[in-house]
Amino acid sequence: MGIPRRAVLLGGVGLLGAGATYGALTPRGRRLLGWTGPDGVVPDVPGVPVQPTPWGAWMGTDGPTVLALHGRGGSVQWWQNLGLPQFLAGVKFRCAVVAGTDDYWVNLKPPVPFEAAIGISMGGFGVLDIASRQPLKAVSAISPALFHTWDDARRIAGITSEEIWARHEPLRHTDSIKSPVGVWCGREDPFYDGARDMAEAIGAAGSLDHGEHTDGYWRRVLPEALKFIENRL
């Protein structure tokens with residue numbers, strides 16, 4: 001007995017619907033549909049003072065020093081555009097915001113003593129790298145750009161050799177990270193797998209909720225990442 005044409009058509013529609021639903025549940029599908037959580041906003045308050053220096057800038061004037069490392073292609077202005085001076089209003093520490101290059105901070109020589117660190121994307125790689133080599137009171141890594149293999153790392157053309165990558169890649173040195181660490185990364189972020197594996201390996205605090213590798217996500221989680229540090233200074 002043949003299958004009625006209507007049943008075939010309905011079955012096809014069902015398969016298409018299932019396929020569309022599955023596609024929407026993938027990270028790429030969720031990005032395309034905007035199912036990645038709300039964007040954060042810059043607080044409507046006066047920002048802390050920004051004092052330029054030869055190595056970057058101070059943001060804030062009082063309290064312990066927290067090293068702040070920007071993402072690839074970033075700068076002091078990048079942090080200002082993100083709203084860091086406003087997010088720091090009322091926080092009981094100041095940030096030493098370093099202006100770097102695109103080398104994933106592997107050549108970083110911190111310009112001032114510091115007690116904690118925060119970084120986004122490439123800066124997340126940088127602060128976790130630092131944490132694998134020295135104890136800190138707190139580390140906040142937001143959307144850290146981590147690489148499971150040299151083949152992954154070499155594609156970004158920021159780290160110049162496999163030897164340098166192996167020496168600095170935080171995922172290769174999780175046993176050496178003893179500081180309190182918070183990791184925040186969105187599930188739709190291309191670096192999510194590495195951030196999740198890092199968080200699991202070191203028992204990090206933070207959040208791995210929905211979100212992209214964007215300013216909107218970073219503004220959403222910055223208050224929590226800053227509070228994580230403040231509570232430990």
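These notebook entries record what I looked up in a predicted model of one protein.

**Conventions.** I number residues from 1 along each chain as its sequence is written, and I use heavy atoms for side-chain values, leaving out hydrogens and water. As the model is predicted, local features need pLDDT of at least 70 and side-chain atom pairs count only at pLDDT 80 or more, while totals for chains, interfaces and linings use all residues.

**Confidence.** I looked up pLDDT, the predictor's confidence in each residue from 0 to 100. The protein averages 90, and 85% of the residues score at least 70. Over residues 1–16 pLDDT stays under 50, and the model has one contact (heavy atoms within 4.5 Å) beyond four places in sequence for them. Residues 18–22 also stay under 50, with zero such contacts. Where pLDDT is low, the predicted coordinates should not be read in detail.

**Overall fold.** I find nine helices and eight strands; these are DSSP runs numbered from the N terminus, helices being H or I with at least four residues and strands E with at least two. Of the 233 residues, 46% are buried, where buried means under 20% relative accessible area, exposed over 50% and partly exposed in between (1.4 Å probe, protein chains only). Among contacts with a separation of 6 or more, 65% join residues 24 or more positions apart.

**Helix α5.** Is helix α5 enclosed or open? I record that 10 of the 10 residues of α5 (residues 122–131) are buried, so the helix is largely enclosed by the rest of the structure. The buried residues of α5 pack against β3 (65–69), β5 (116–120), β6 (138–142), α7 (162–168), β7 (181–184) and α8.

**G119.** This residue is in strand β5 and is buried, at 0% relative accessibility. Beyond four places in sequence, G119 touches L69, G124, V127, S140, A141 and I142. G119 and H70 are 49 residues apart in sequence, yet 5.9 Å apart in space, C-alpha to C-alpha.

**Aromatic rings.** How many aromatic pairs does the whole structure hold? My search finds eight. Rings of Phe, Tyr and Trp (its six-membered ring) pair if their centres lie within 6.5 Å; planes under 30 degrees apart count as stacked, over 60 as edge-to-face and the rest as tilted. W55 and W58 are edge-to-face, at 5.5 Å centre to centre with 80° between the planes. The W78 and W79 rings have centres 5.2 Å apart and planes at 85°, so this pair is edge-to-face. W58 is buried at 15% relative accessible area, and W79 is buried at 0%. Ring pairs also link Y104, F125, F147 and F191 into a cluster.

**Charges over rings.** I count a charge over a ring if NZ of Lys or CZ of Arg is within 6 Å of the ring centre and within 35 degrees of the ring normal. R94 lies over the face of W58 at 3.7 Å from the ring centre, and R232 over that of F228 at 3.8 Å.

**E230.** This residue is found in helix α9 (residues 215–230). E230 is buried, with a relative accessible area of 17%. Not counting residues up to four places away in sequence, E230 touches G90, V91, K92 and F93.
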